[in-house]
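Let's take a walk through this model together. Keep the sequence and the 3D view open side by side as you read.

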Amino acid sequence: MNTPKGLRMKASLRELGRARPFFFFVRWSSRIAAYPLGVLVLLAATLSHARASDAAAEVRQWLDKMSHSSQKINFEGTFVYRRGDQVTAMKIVHVADENGEREKLSSLNGPVREIVREKGVARITMDKKSVVVEKRSASRSLVSKTPEQIDQIEKYYSFSSGGESRAASRPVRVVNIVPRDAYRYGYRVSLDQQTGTMLQSDLLNEEGVPIEQVMFITFELLEKAPPAMREPAKHGESASMHPDGPQVSQPLTGGEGWKVGKMPGGFILTEHYRHQVPHSQAIMNHMVLTDGLASVSVFIEKNNAHHASPFVGVSRMGVANAYGTRINDYQVTVVGEVPVATVEMIGRSIKYQGPGAAK
Amino acid sequence: MTEKLNEKISALMDGGLAGHDAQDVIQNLKQSAELRQCWERYHLIGDALRNNLPPVVRHDLASRISAAIEADASQSLPTVVPFVPRQKNKPAPFFLKPLSGLAIAASVAAVAVVSFDRGGDVAPAVQTMAAAPAQMQGVDRLPVSVTPLVVDEAAAQSRLNDYLVNHSQYSTVMQGEMLPSARIVGYNPNE
């Protein structure tokens, strides 16, 4: 009874034997290529040293162009969003005019999901429910990065040009952003040559494998806002659609006694909020840590009957990793589009040092 | 000898080995790092043939888990969720997946890799082993307090969803708000 199973496995192994010609090729090619290769490597090293600074400067210009692009243009486009084996087709309409920036992003397949953003307020409609999330601080993207901040990012990521390519039938410039350690993911972005808009983006894990991809299929510049987007959204009206009402959040200056003891190099605590959870007395502490590109959120909530489900250990939510732990009566959850090692390091280091903390 | 063992490992993997034979192989697996690698490789091959490879294959998974367990054992471990054997066609709640992996690793270090087989079908032999860790004679057990974790899934889910939305709202991004929006719209909480 056992033998056939074993044989089956052997047969499977034989099937894999097809890979052999490849190994043969490698052995053969390495022998004849060894000498010229050495010379080439030396040469390339010398040349690349001289060119590295040029390339980095060029890439920085592109990143700068990208970060400002959305403030100036109106566009409409469709793209696919892929994560793991899930693919969603989406449509985006972006408007930047005298009324400010507005954006509407909606899913084209599966359940109707939509996000409308304007002036730091996002109305999210998902699976027939809506929430309004207000973001008090200015949008932080590469937009507000000073050259010094870009220098800081470059300590933890290396920028390089990936040459020219094409996306949504438009010529693009490819930029590689490679992390210098294992605590963050890399990016490969394709930027529209004309406007700097990101038309393709890959989030790459520790092994350089794409774990999340955005790829525009169509991209069209618009002279002015399309009729549906011409007027600023009336949030007073839309709020009535949402029984939960907006989430009230206020920035904090102190840490409320909670401290992050350890985080990977380059990460700093940039913001600390208290969110009042809608329709409850519960307060959610929210700390935002960032290395300039990647960001990690730390959520701290007191456990109560309403939230009696502890989350301990590592989990995954979409492309984000999460690490949960309990400290005294509190649930601490760390969430971010970063490797597990990062959420875990941060999660394990969180301490309460406020009034009443145990010595 | 090795040949025979390899065949037995393969059989165990396919669920064709039970009782004393299975115990035997597990004992062998426990003692030989080489055999454990073989076990790991067979799973990898099986996954490859079934076109079921994860995006990333870490060859040192078992040793990293062992190292993590050792590191954890020296501190006081938090609650560990007991492994709930997964039924065919009935995927574990997303919430339990990684945790159950940890639990099985804690009780049966030698076959830790098994629980990471994310395929829809878990080999029956593996389920038996996982379901009866106490019968694994001689396998080191960690002195951890095992408290069943009663997860109100809906509540946990909605809470994690809240976190994800808030995280996306406040996170630093590459360009504007597009990527965080796409992450929320493209997130399937039931996966």
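Predicted model: local features only at pLDDT ≥ 70, side-chain atom pairs only at ≥ 80, totals over all residues.

On the face of α2(B) that is turned away from its buried side sit the exposed residues B:H20 and B:Q31. The buried residues of α2(B) are B:V25, B:I26 and B:L29. They cover an arc of only 100° around the axis, so they lie on the same side of α2(B).

How far apart are the end C-alpha atoms of helix α2 of chain B? The helix has 13 residues (residues 19–31), and at 1.5 Å a residue they should span 18 Å; the end C-alpha atoms are 19 Å apart, which agrees.

Now over to chain A, which has six helices and 20 strands. Of its 359 residues, 31% are buried. Among contacts in chain A between residues at least 6 apart in sequence, 50% join residues at least 24 apart.

A:K72 is in the loop between α2 (20–69) and β1 (74–83), and A:G265 is in the loop between β13 (258–260) and β14 (268–276). A:K72 is exposed because 11 other C-beta atoms lie within 10 Å, where exposed means 12 or fewer. A:G265 is exposed too, with 11 other C-beta atoms within 10 Å. The table pairs each with a residue farther along the chain.

| Residue pair | Separation along the chain | C-alpha separation |
|---|---|---|
| A:K72 and A:D97 | 25 residues | 7.6 Å |
| A:G265 and A:D291 | 26 residues | 8.0 Å |

Technical notes
Residues numbered from 1 in each chain as written. Chains lettered and ligands numbered in written order. Helix = DSSP H or I, 4+ residues; strand = E, 2+ residues; numbered from the N terminus. Buried ≥ 20, exposed ≤ 12 C-beta atoms within 10 Å, placed from the backbone. Contact = placed C-beta atoms within 7 Å. Expected span 1.5 Å × (residues − 1). Arc of directions from axis to C-beta.
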